[in-house]
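Thanks for making the time this morning. I would like to walk you through one model, going from its overall makeup to its strands, its cores and its charged pairs.

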Amino acid sequence: MIIKRSIMAHQCGCGASHEEGELGVQYNLYKKIDIENIEVLNECEEGSGAAVFKPWENRLDRTKYVESDMDNELLFNIPFTGNIKLKGLIIIGGEDDLHPNKVKLYKNRPYMTFDDAATAPEQEFELCVDTYGVHEYAPKVVKFSSVHHLSLHFTGTEGSEKIKIYYIGLKGEWSPGHQHGVTTCTYELLPQMSDHMRDNLEDIDRAIS
């Protein structure tokens, strides 16, 4: 009897085929995000940006999304609870002109602003339309090891007024961050007279005896 693996495959707008079963197991780094301290600049609704980091099986949920406010840019400042080695990225964008066109990745640059995003990123990707959320973008592992903070700068096509994102998936390895212990040291800044008087008395006693 021949047993076949039952894994659904999809093809995204870039023409690449991907197996869902394998991706679902790997895209779990959302659990390692310090979600309370995530910052999303130019989000239309405050707090909506954090909602796009969700379980892989919920990636097609269209009720939770983030939309840009004033123009077609979004900047995510993403802190982690430890260090990660980033190995994969999946993006589900909005419909038609609301779909982001490009994303730039920055490593370990907390509190980035849009002015900071004008600097060269560690890597950038042109984004394709991926309705099912199965197209992987592969960051260079050498550049994205020991990442405790990740910034993602999304921009839309020229002439578009806004962008929308439904899902951001992150794949990789996590390790606890190194904690530095605090050492308390006590120093004698001024000599204590009582100590020296005691030493002198002991010398006199020895001399008399």
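Of the 209 residues of this protein, 37% count as buried, where buried means under 20% relative accessible area, exposed means over 50%, and partly exposed is anything in between, with a 1.4 Å probe and protein chains only. Before I go further, please keep in mind that this is a predicted model, in which local features need pLDDT of at least 70 and side-chain atom pairs count only at pLDDT 80 or more, while totals for chains, interfaces and linings use all residues. Residues are numbered from 1 along each chain as its sequence is written, and side-chain values use heavy atoms, with hydrogens and water left out.

The accessible surface comes to about 12,700 Å², with 51% of that belonging to carbon and sulfur atoms; these areas come from the Shrake-Rupley method with a 1.4 Å probe, and for residues only the protein chains shown count as cover. As for secondary structure, the protein has two helices and nine strands, taken as DSSP runs numbered from the N terminus, with helices being H or I of at least four residues and strands being E of at least two. Along the sequence the order reads β-β-α-β-β-β-β-β-β-β-α. If we take contact to mean heavy atoms within 4.5 Å, then among contacts between residues at least 6 apart in sequence, 78% join residues at least 24 apart.

Let me turn to strand β5, residues 73-93, which is mostly covered, with 16 of its 21 residues buried. Which strands does β5 pair with, if pairing requires that DSSP finds at least two bridges between two strands? Strand β3, residues 39-41, pairs with β5 in the antiparallel sense over three bridges, and there Val-40 stands opposite Phe-76. Strand β8, residues 147-156, is also antiparallel to β5, over eight bridges, with His-153 as the bridge partner of Leu-75.

A nonpolar core here is a set of buried Ala, Val, Leu, Ile, Met, Phe, Trp, Tyr and Cys residues joined through side-chain atoms within 4.5 Å. The largest such core has 31 residues, and those touching the most other members are Phe-76, Phe-154, Ile-168 and Leu-170. Two or more residues each come from β5, β6 (100-107), β8 and β9, and β5 gives the most, with eight. If we look at Phe-76 and leave aside its neighbours within four places in sequence, its contacts include Val-40, Val-52, Phe-53, Leu-150, Phe-154, Ile-165 and Ile-168. There is also a second, separate core of eight residues, among them Leu-23, Trp-56, Val-134 and Tyr-167.

Now to another pair of strands. In a regular strand the side chains alternate between the two faces of the sheet. Strand β7, residues 123-126, has a covered face formed by Gln-123 and Phe-125, whereas Glu-124 and Glu-126 make up an uncovered one. Strands β6 and β7 pair in the antiparallel sense over four bridges, and Gln-123 in β7 is the bridge partner of Leu-105.

Finally, the charged pairs. If a salt bridge is a side-chain nitrogen of Lys or Arg within 4 Å of a carboxyl oxygen of Asp or Glu, how many are there? The count comes to six salt bridges. In one of them, Lys-87 meets Glu-173, with the closest N and O atoms 2.6 Å apart; Lys-87 lies in strand β5 and Glu-173 in strand β9, so the pair ties together parts that are 86 residues apart in sequence. Lys-87 is partly exposed at 33% relative accessibility, and Glu-173 is partly exposed at 40%.

A further salt bridge joins Glu-126 and Lys-102, at 3.8 Å from N to O, and this pair links strand β7 to strand β6 across 24 residues. Glu-126 is exposed, with a relative accessible area of 52%, whereas Lys-102, at 22%, is partly exposed. Glu-122 and Arg-109 form a salt bridge at 3.1 Å, with both residues in the loop between β6 and β7 and 13 residues apart. Their relative accessible areas are 23% for Glu-122 and 25% for Arg-109. Lastly, salt bridges that share partners join Lys-102, Glu-124 and Glu-126 into one network.

Methods. Two strands pair if DSSP finds at least two bridges between them.
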